[in-house]
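Hi,

Here is the structure I promised to send over.

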Amino acid sequence: QGLHALALVLFGLSQQVRPRPCLAGWAFLVGSAIFSGTLYAMVLGGPRWLGAITPIGGTLMIVGWVSFALSAWRAR
């Protein structure tokens, strides 16, 4: 979660330099909220079916990294 928070900050800084629409920021934000949120909820006694939703958040975080890398590569 900390690494993706740092990635979200770096994405925000990159948007200040050259603002452009990109999926990366939203994917990091939503993916981190879903992934971490479902894990925290299960640890605190939430229903176990939330474990089936957790990979969606992980997938969104991977999409965020790929999108961020592609947008940085295109900006060169």
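This is a predicted model: local features need pLDDT of at least 70, side-chain atom pairs count only at pLDDT 80 or more; totals for chains, interfaces and linings use all residues.

Below is what turned up, starting with the overall layout and ending with the aromatic rings.

**The overall layout**

Of the 76 residues, 30% count as buried. Now take the contacts with a separation of 6 or more: 62% of them come from residues 24 or more positions apart.

**How α1 meets α2**

Helix α1 covers residues 2-17, and its axis comes within 10 Å of the axis of α2, with a crossing at roughly 155°. Angles over 145 degrees count as roughly antiparallel, and α1 and α2 are therefore roughly antiparallel to each other. The crossing in which α1 passes α2 is left-handed.

Which residues make the contact? From α1 they are H4, A7, L8 and F11, and from α2 they are A24, G25, F28, L29 and S32. Sorted by type, the residues of this contact give six nonpolar, three polar and no charged.

**The aromatic rings**

Keep an eye on F28, as it comes up again here. Searching the whole structure gives three aromatic pairs. In one of them, F28 and W65 sit edge-to-face, 5.1 Å centre to centre and with 75° between the planes. F28 belongs to helix α2 (residues 24-43) and W65 to helix α3 (residues 54-75), so this pair ties together parts that are 37 residues apart in sequence.

Are these two residues buried or exposed? F28 counts as buried, because its relative accessibility is 1%. W65 has a relative accessibility of 36%, so W65 counts as partly exposed.

F28 also pairs with F68: the ring centres are 6.2 Å apart and the planes are at 85°, so this pair is edge-to-face. This one links distant parts of the chain too, with F28 in helix α2 and F68 in helix α3, 40 residues apart. Both F28 and F68 are buried.

Finally, F11, F28, W65 and F68 form one aromatic cluster.

Happy browsing!

Terms used. Residues are numbered from 1 along each chain as its sequence is written. Side-chain values use heavy atoms; hydrogens and water are left out. Rings of Phe, Tyr and Trp (its six-membered ring) pair if their centres lie within 6.5 Å; planes under 30 degrees apart count as stacked, over 60 as edge-to-face and the rest as tilted. Helices (H or I, at least four residues) and strands (E, at least two) are DSSP runs, numbered from the N terminus. Buried means under 20% relative accessible area, exposed over 50%, partly exposed in between (1.4 Å probe, protein chains only). Axes are lines fitted to C-alpha atoms, for helices over the stretch in contact, and angles run from 0 to 180 degrees between N-to-C directions. Angles under 35 degrees count as roughly parallel, over 145 as roughly antiparallel, 65 to 115 as roughly perpendicular and the rest as oblique. A crossing is left-handed if the near helix is turned anticlockwise from the far one by less than a right angle, and right-handed if clockwise. Contact means heavy atoms within 4.5 Å. Ala, Val, Leu, Ile, Met, Phe, Trp, Tyr, Cys and Pro count as nonpolar, Asp, Glu, Lys and Arg as charged, and the others, Gly among them, as polar.
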